[in-house]
Amino acid sequence: DAARAVGGTVYIPPRTFYIQSTTATIFDLDDGGVTIKGDGPYASIVRSTVTNKDLLTATTTAALRVENIAFDSSAASSNAGMLLTSIVNSVFDYVHVSNFKYAADVAACQLANFYSCNFSTPGTAGGSSVRLAGAIVKNLRFYGCAFGPNAPGADDGVLVDVDTSHTLFSGCVFGASCVVGLNYAATLAGVGHAVIGCSFRGMTT
């Protein structure tokens, strides 16, 4: 709460934190300038044990930074690991999110950079590692990220379910267990899409 009020850093030390709350969202951010920082996604892990809660939500937030941390679920979660709505000028660096229907559910966001992140799903949730939805999404950049379910099933790598503009995937890997690696399901009225130096590994489509 203090970080939300004035901006600042929330440090997650190197251990696994089990979240059992069925009512509260653990990281609920609606103010700018907050950093959530761990000691690496294999050391600082926040793990949900419930099925129906988003782990991190950020709404109408600027200058959010999340780095060196993992968010996952030990339950069959039907929600999102990170629910990002109307965020701008934000950075996600070396973040692992797994075992949610949507590892990252991104709506109406602009000017966000994702570096060396790993987004994965259980494979049978009928979701996607990353979903771009809501109002138009602009100027998102994914550098060296990995997308795909942990096992073959019904999940896509990235589902583009909204018109997007100037979205870049550079040096990313779309895993072999995806049904569709990069699924452009919307009408694509936007411009400036780029997929550069990415690997699509033996998926169905």
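**Stop 1**

Select Cys172, which is buried at a relative accessible area of 1%. This is a predicted model. Cys172 takes part in no disulfide. Show the sulfur of Cys198, the nearest cysteine sulfur, 4.6 Å away.

Now go to Cys117. Is it buried or exposed? Cys117 is buried, at 2% relative accessibility. Its closest cysteine sulfur belongs to Cys145. The gap is 4.6 Å, too far for a bond. How many disulfides does the structure hold? The count is zero.

**Stop 2**

Zoom in on strand 8 (residues 80–85) and strand 10 (residues 102–107). Five bridges join this parallel pair. Pick Thr85, then its bridge partner in strand 10, Ala107.

**Stop 3**

Select strand 1 (residues 8–11) and strand 4 (residues 34–37). They pair in the parallel sense, over four bridges. Click Thr9 and look across to Thr35 in strand 4, which stands opposite.

Strand 4 runs parallel to strand 7, and three bridges join the two. Here Ile36 stands opposite Val66 in strand 7.

**Stop 1: the nonpolar core**

Show side chains. The largest nonpolar core has 44 residues. Which residues have the most contacts inside it? Select Phe71, Met82, Leu84, Phe92, Phe114, Phe119 and Phe147.

Centre on Phe114. Leaving out residues up to four places away in sequence, it touches Leu84, Phe92, Phe119, Leu140, Arg141, Phe142, Tyr143 and Cys145.

**Stop 2: the aromatic rings**

Keep the rings on. The structure holds eleven aromatic pairs. Start with Phe142 and Phe147, an edge-to-face pair. Their centres are 5.8 Å apart, with 70 degrees between the planes. Phe142 is buried at 1% relative accessibility. Phe147 is buried too, at 3%.

Move to Phe174 and Phe200. Why does this pair count as stacked? The ring centres are 4.5 Å apart and the planes lie at 0 degrees, so the pair is stacked. Phe174 sits in strand 19 (residues 173–174) and Phe200 in strand 22 (residues 199–200), so the pair ties together parts that are 26 residues apart in sequence. Phe174 is buried, with a relative accessible area of 0%, whereas Phe200 is partly exposed at 42%.

Now select the whole cluster. Ring pairs link Phe92, Phe114, Phe119, Phe142, Phe147, Phe169, Phe174 and Phe200.

**Stop 3: two loop residues with positive phi**

Select Ser116, in the loop between strand 11 (110–115) and strand 12 (118–119). Its phi is near 50 degrees, a positive value in a residue other than glycine. Ser116 is partly exposed, with a relative accessible area of 40%.

Finish at His166. Where is it found? His166 is in the loop between strand 17 (164–165) and strand 18 (168–170). It is not a glycine, yet its phi is positive, at about 55 degrees. His166 counts as partly exposed, at 37% relative accessibility.

Technical notes
Residues numbered from 1 in each chain as written. Predicted model: local features only at pLDDT ≥ 70, side-chain atom pairs only at ≥ 80, totals over all residues. Heavy atoms only, no water. Pairing = 2+ DSSP bridges. Buried < 20%, exposed > 50% of the residue type's maximum accessible area, 1.4 Å probe, protein only. Core = buried A, V, L, I, M, F, W, Y, C linked by side-chain atoms within 4.5 Å. Contact = heavy atoms within 4.5 Å. Disulfide = S-S within 2.5 Å. Phe/Tyr/Trp six-rings, centres within 6.5 Å; stacked < 30°, edge-to-face > 60°.
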